[in-house]
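Okay, thanks for coming, everyone.

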Amino acid sequence: MTDMLTIEIDGRACEAAPGEMIIAVADREGISIPRFCYHKKLSIAANCRMCLVEAEQGGRPFPKPVPACATPVGPGMKVLTRSPKAIEAQQGTMEFLLINHPLDCPICDQGGECELQDVAMGYGGDQSRYTEGKRVVMDGDLGPLIATEMTRCIHCTRCVRFGAEIAGLRELGATGRGEDVRIGTFVAHTLAHELSGNIIDLCPVGALTSKPYRFTARAWELTDAPAIAPHDGVGANLQLHVRRGQVMRVHPQDNEAVNESWIADRDRFSYVGLNGADRLTEPLVKRDGAWVAVEWTEALALVAQRLKAADPATTGWLLAPNATLEEMYLAQGLARALGCANIDHRLRQRDFRGDAADPRLPWLGLPIAELPAQRSVLLIGSDIRQEQPLLAHRLRQAVLAGGSLALVNPYRLDLTHPADQLAGGPAGMLDDLAAIAKASGDAGSGALKAIIARAAPTAEHQAVADSLKSAGANGAGLILLGALAAAHPDYSLLKALAYRIATAAGCKVGYLPAAANSVGAYVAGALPQVQPGGRPADPVGLPVAEILGAPHRTLVLWGLEPAYDLGNPARAMEALAQADFVVAAGAFRCPSLESVAQVLLPIGAFAETSGTFVNGSGTWQSFQGAVAPPGAARPGWKVLRVLGNLLDLKGFEYLDTAAIRTELAALCGDARPDNRPAADFDAAPVGLGEGLIRIGNVPTYALDALVRRSPPLQRTPTMGTFGAYVNAAQAADLGLAADAAVVVSQQGAAVHTRVLIDERVPPGCVRIPAGVPGSESLGDQIAPVSIRREE
C-alpha cells in the first residue's frame, strides 16, 4: 500500500498520496479552490490559472503562487488558499478572464448556473480597468445538438481534452495564441461522436449549450428529478430538469460504478420525443375501420373480455425490453394466470434453439466499473459504439490501460482505439470463432466438433487465443456477445463457441444487454422458459419467432412498434394482420400499430412513470415519475393492475411500484446473475442461404420509440442515410455505381433505395440498416437479399 503523506491546507492536516495534486486533496477535504480548466476526469492543463495558491515545503516558500491543479503534494507541504497573496493572484486572474467576456448574462442559457458568474462574485471587481474594445468570435455550426457562442469562451480547453481523452475523437481543437485562441473544428463539420453532448456540462461558461434547450427556460425556473436512462443496459444516472410539468433538459448524475460523470447523447436528448405530435393521449378502439376515443373503463373491459375468452395456446405477449421491471412482472403474471406461457421480450433475436441451455439470469458478467481492468476482451457480434456508447467508453479505457480488444463481427467498425478486427461477414463469424477455439486447444464436441476440426487458425486467431489465455490466468479475460450476434441465424452456435473458448482460456462470458431492462426481463420472468427469479418455467411457452411464425389469434404488444422493433418486421406485420384481436399499449401512435391493432392503450413513457431497471451488471435502479403522463395516459403498471382486477385475478392489489418490487425481490431470494449455462449448447448450423447476405444493424438513434422521435438526434450524422451499403468491389461486381437507384428484395418484399459505398462491409454482404424508415417491409436482419438496378 502506498505510504500516505500529511500536508497542511489552510491550517488543516490532510492526508494525501505522493504525487497527488493539491486541488484533489482540497476537494476531498471540502476546501474550496476556484477553477475553470480543471476537471477530475480530464488531464491537467493548468491554463486558466484560477486555482493559484500560496505554498511552502520544508519551511521554504515557493517564490510565487502555484496552480493547485498542477502542483503535486510533498512532505511537509503547507498550502494557503485564502492568504492575501493567493487572493490577489486569483483576483488578478479573474480580472484578465473578464476583460473580453461579453456582458450578456441576461440572455445566456448558462445564466444562474455559470461557473464564471459564481467565481466572479467571489473574486471579481465591481469595476473594469480595461478600456479597449472586446474581442468578438464568429460561431461555427457544430450540428443539431450543441449551440455555440464562442465569444464567451475562456479557453479552458475542457471540450478539447474531452474529445481527445474520453471520446477518443479529436472533433474540437484550439488554434491561435493568447486572446486570439479559437476553439472549434479544424474542418467545418458537425460533431458526430455519440458522447459529444457531455461538453455542454464541461463548459464552465455559456460558450457551449444545448441547442434543443436554447432560450426555453432559466435555470432558477427548473426543478431537479433523478432518473435512470431508458435506452441501453448501462442505466446511466440522470438529472431531469422540469418546468411546469415538462422535461426541459437532461444532465448526468455522477455514479462512478455506472456512468462516471458521462451520459450518451441519446440519454441526453431523447426527452425531446416526449413532446412528439403523435403521443397517444387517450384509449382508442377501432370500430368499422375508424379509431374512436373511449373511456378507460370501456377499453379495459373490452380487453379483459377478449383475453379471458382467448385460447391460451394461440395467445402471445410481446414486451419491449425497456419496459420497467414492475410492468414486466405484472404482464407475465397476467399471461401465466390466464394459462398463456407465450411471452417474450427478445424482439430481435432469431435463433432460440439454445433456450434450454441458456443461463437463467444472464448478465454482463462483471460490474461495469471493472470493464477497464480487463486485460483481454473478445467482442462477438456487436457494433459497440452504436449499441452501448458508455460501455464502448469503458472498453476504450481498458485498451488505453494496456489491455487488448478483439472483435468478431460481420463488418468492420470505426473505433477510437486500437483493436484486432475479424470481419468476414455473418458466415465468417462462425469460422473465426472456430479458429480461435482451435487455437485455444479446444477440439469441440457434438456439432461443434466438425466445425472446429475444419477451422484453419491464422496468426491473428492464435494471437487472440493467446491473449485470452494470458488474461484468463489472471482472472481478467472476458468474452461478450452483442446484438448482432443475437440477430444471427446461428446464435446458438455463436454462444456455444464463446463458451468453448472461455473454458479453454479461463475467461468469463458476458452478454451485452440489448436494452435498458433486458437483464430485468429475466428477473421478472418475461420469457417463455423462465419464471420470476430465474426459475425454470413449466410449461414452457413459445419465443417471439414462433409466436409470430405460427397463427396466433390474440396478441398483446407492450411498448413496441412492430415495423421497427422486431427482427423480421415483414413477417411480424403479416402475422399481426391475421390475428383476430391485437391490443397495443404504448406512449405513441404509429401507422404499424394502427393498421393491425383493435385497441390502443396510452401508457406513460420515460420520466412519466415510476419503476425499476436492472442494468447489465445486475444492479436494481429505481426511479419515480418526474412529470405526469399527457392527457388520459396512465403509468403502465397501473393499467396492468386494473386489468388484473377486471380479470378477477388474485394478488393485483398493489398500491405502488414499491410493493410490486418488494414482492418480486422476495421471489428472487438468493438468486444472483449467473452466466453458467444450464446445459451444453449443441445445434447443427442453419446456414445463411445463397446470394448476397444482408447485415441489418440498428443505428444508435433507432433503438426505441423515444429516440426515433427526437428530431435533434435524427438530424445527426450518426444516423446516416438509409441505403444499401457495399464495398466498391462488390458494387462493381453487381454492375452498380455509387448512388445508383436500386431495388432490394428480401423474402418476397422489396424496397427502393440507393447504393452507398462502405469499405467496412466485406465481400458478399450488403449492410442495410434495420429499425429505420425504409426497412419496415424487409425481413430478417441477417439473411439473403437480391439487388437490381431500378428500371
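Before the linings, a quick word on classes: Ala, Val, Leu, Ile, Met, Phe, Trp, Tyr, Cys and Pro count as nonpolar, Asp, Glu, Lys and Arg as charged, and the others, Gly among them, as polar. By that scheme, the largest cavity is lined by 23 nonpolar, 12 polar and nine charged residues.

Housekeeping: this is a predicted model, where local features need pLDDT of at least 70 and side-chain atom pairs need 80 or more, while totals for chains, interfaces and linings use all residues. Numbering runs from 1 along each chain as its sequence is written, and side-chain values use heavy atoms, with hydrogens and water left out.

Now, what's a cavity here? On a 1 Å grid over the protein atoms alone, a cavity is a set of points where a 1.4 Å probe fits but cannot get out, and lining residues have an atom within 4 Å of a point. Volume is the space filled by probe spheres set on the points, with points joined across faces, edges and corners.

The largest cavity comes in at about 800 Å³. It has 44 lining residues, with Ala483, Pro513, Ala514, Ala515 and Ser518 nearest its centre. Helix 9 (384–387), helix 14 (483–486), helix 15 (491–505) and helix 16 (518–524) each give two or more residues to that lining. Helices, by the way, are DSSP runs of H or I, at least four residues, numbered from the N terminus.

The second largest cavity holds about 410 Å³. Its lining has 26 residues, and Asn322, Gly559, Gly604, Ala605 and Phe606 sit closest to the centre. That lining splits into 16 nonpolar, seven polar and three charged.

Helix 15 turns up again in a helix pair. Its partner is helix 13 (residues 459–473); they pack at about 55°, axes 8 Å apart. Axes are lines fitted to C-alpha atoms, for helices over the stretch in contact, and angles run from 0 to 180 degrees between N-to-C directions.

Who touches whom? Leu468, Lys469, Gly472 and Ala473 in helix 13 meet Ile501, Ala504 and Ala505 in helix 15, where contact means heavy atoms within 4.5 Å. That's five nonpolar, one polar and one charged.

Key
1 Å grid on protein atoms, 1.4 Å probe; cavity = no way out; pocket = protein on both sides within 12 Å on 5 of 7 lines; lining within 4 Å.
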